[in-house]
Every structure is written in structure tokens, then in C-alpha cells.
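This briefing goes through a predicted model, taking surface, strands, helix and charged pairs in turn. Please keep the sequence and the structure in view while reading.

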Amino acid sequence: MAATSSGAIKAYLESLAFGVPVFRDGPRPGQGIPYIVVTEGVSAGLDGSGNGDYGDPHAPLNIIELVTVDLVQQARVKASGGGTKSAERYGLAEAIAHALNHATLPAHPAKVTAVRVQDIDRIPIADNTVRHAIHIAIHRELLLSEVIPA
């Protein structure tokens with residue numbers, strides 16, 4: 001079982017075998033492209049429709065945590081004849097987003113009630129790389145360990 005949202009997403013994406021390494025919070029030094037980076041806790045707020053009795057200290061609190069999944073790929077490679085050709089795996093970002101939308105994230109330590117893809121941004125090419133930022137909302141229970149330090 002993963003300890004965090006990013007760990008649960010990492011485990012889930014690795015199980016799908018897209019052939020792209022997945023990292024939490026950033027790639028290791030010298031990592032070649034393509035790779036995926038999962039950044040959790042971009043923001044979080046109460047899920048207004050999913051919370052119980054606030055008078056009961058043991059009632060679960062449900063939150064919506066925003067997470068970003070970045071796919072970083074090489075944009076172009078040199079082609080024979082001196083030109084360039086695309087190296088980008090078109091449709092890979094959409095395939096990842098499709099797989100994440102409505103995923104159950106069984107490795108997550110909290111009860112996950114929904115995973116929804118909000119959008120995909122394609123970041124302009126810089127240094128011959130292209131980045132797709134997939135923004136997802138995880139509807140889940142807030143763990144007591146996230147509120148009270150051990």
C-alpha cells in the first residue's frame with residue numbers, strides 16, 4: 001500500500017505498463033525522457049457534498065485533493081537528410097488521462113470515492129521537450145495521520 005496520493009498514482013500508472021518511468025515530485029538526476037512526474041497536494045479543500053456530522057469527532061471528513069501528473073517527452077529528433085521528425089508519442093497524455101479518470105487507486109491509504117480528470121494542458125516546447133500537465137481531483141477521506149503528527 002502506498003503512503004500518499006502520489007505513491008498510489010505512481011503504483012497505478014506503473015501497473016498499466018505505458019513504458020514510461022513514474023516519479024513522485026521530480027525525476028532522479030540525469031533521468032532521460034520520456035518520464036512522468038506526480039505532484040500531490042497542489043491544493044485541497046473540503047468536499048462539501050461528502051461530509052458527515054461535524055458534531056461527531058469520529059465522523060470522516062472528505063476532501064478534494066488536486067494532483068498534477070506531468071508527462072515530459074522529447075519533441076523532435078534529427079532525421080536522415082538533415083531535417084527533424086517528431087519524437088512525441090501523440091495520444092499518450094490522453095491515454096494516461098483516460099486511465100486515471102474514474103480510477104479507484106486501490107493502493108491509496110485513504111478511502112477514495114472518485115478520481116476525476118479536470119483537464120490536460122500542453123506546455124509549449126522548450127529545450128526540445130514537450131510537457132503535458134494532467135490535472136486530476138481525488139475525492140477521498142482525510143486521514144487522521146494527516147492532521148495529527150505521529
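Patches are made of residues with over 30% relative accessible area and no salt bridge, with like charges joined within 9 Å and nonpolar side chains (Val, Leu, Ile, Met, Phe, Trp, Tyr) joined within 5 Å. Accessible areas come from the Shrake-Rupley method with a 1.4 Å probe, and for residues only the protein chains shown count as cover. The model is predicted, so local features need pLDDT of at least 70 and side-chain atom pairs count only at pLDDT 80 or more, while totals for chains, interfaces and linings use all residues. Residues are numbered from 1 along each chain as its sequence is written, and side-chain values use heavy atoms, with hydrogens and water left out.

**Nonpolar surface**

- Leu144, Val147 and Ile148 make a nonpolar surface patch of about 310 Å².
- Leu144 belongs to helix H3 (residues 144-147), where helices (H or I, at least four residues) and strands (E, at least two) are DSSP runs numbered from the N terminus.
- With a relative accessible area of 62%, Leu144 is exposed, on a scale where buried means under 20%, exposed over 50% and partly exposed in between (1.4 Å probe, protein chains only).

**Strand E3 and its partners**

- Strand E3 (residues 62-74) has ten of its 13 residues buried, so it is largely enclosed by the rest of the structure.
- Nine bridges pair E3 with strand E2 (residues 35-46) in the antiparallel sense, pairing being assigned if DSSP finds at least two bridges between two strands.
- E3 is also joined by 13 bridges to strand E7 (residues 129-141), again running antiparallel.
- Leu71 of E3 is the bridge partner of Ile36, and in E7 the bridge partner of Leu71 is His132.

- His132 is buried at 7% relative accessibility, and, leaving aside neighbours within four places in sequence, its contacts (heavy atoms within 4.5 Å) include Leu71, Glu88 and Arg122.
- His139, likewise located in strand E7, is buried at 12% relative accessibility.
- The side chain of His139 makes a polar contact with the side chain of Arg116 at 3.3 Å; such a contact is a pair of N or O atoms within 3.5 Å, where within protein one must be able to donate a hydrogen and the other to accept it, and residues adjacent in sequence count only if both atoms are side-chain atoms.

**Helix H1**

- The buried residues of helix H1 (residues 5-15), among them Ile9, Tyr12 and Leu13, pack against strand E1 (22-24), E2, E3, H2 and E7.
- After H1 comes Ala17, which has a positive phi, near 60°.

**Salt bridges**

- The whole structure holds four salt bridges, each being a side-chain nitrogen of Lys or Arg within 4 Å of a carboxyl oxygen of Asp or Glu.
- Lys10 and Glu14 form one of them (2.5 Å, N to O), and both lie in helix H1, four residues apart, about one turn of the helix.
- Arg140 and Glu65 form another, at 2.9 Å from N to O.
- Because Arg140 lies in strand E7 and Glu65 in strand E3, this pair ties together parts that are 75 residues apart in sequence.
- Arg140 is buried at a relative accessible area of 4%, and Glu65 is buried at 5%.
- Glu88 and Arg122 also form a salt bridge, with the closest N and O atoms 2.8 Å apart.
- Glu88 is buried, with a relative accessible area of 8%, whereas Arg122 is partly exposed at 43%.
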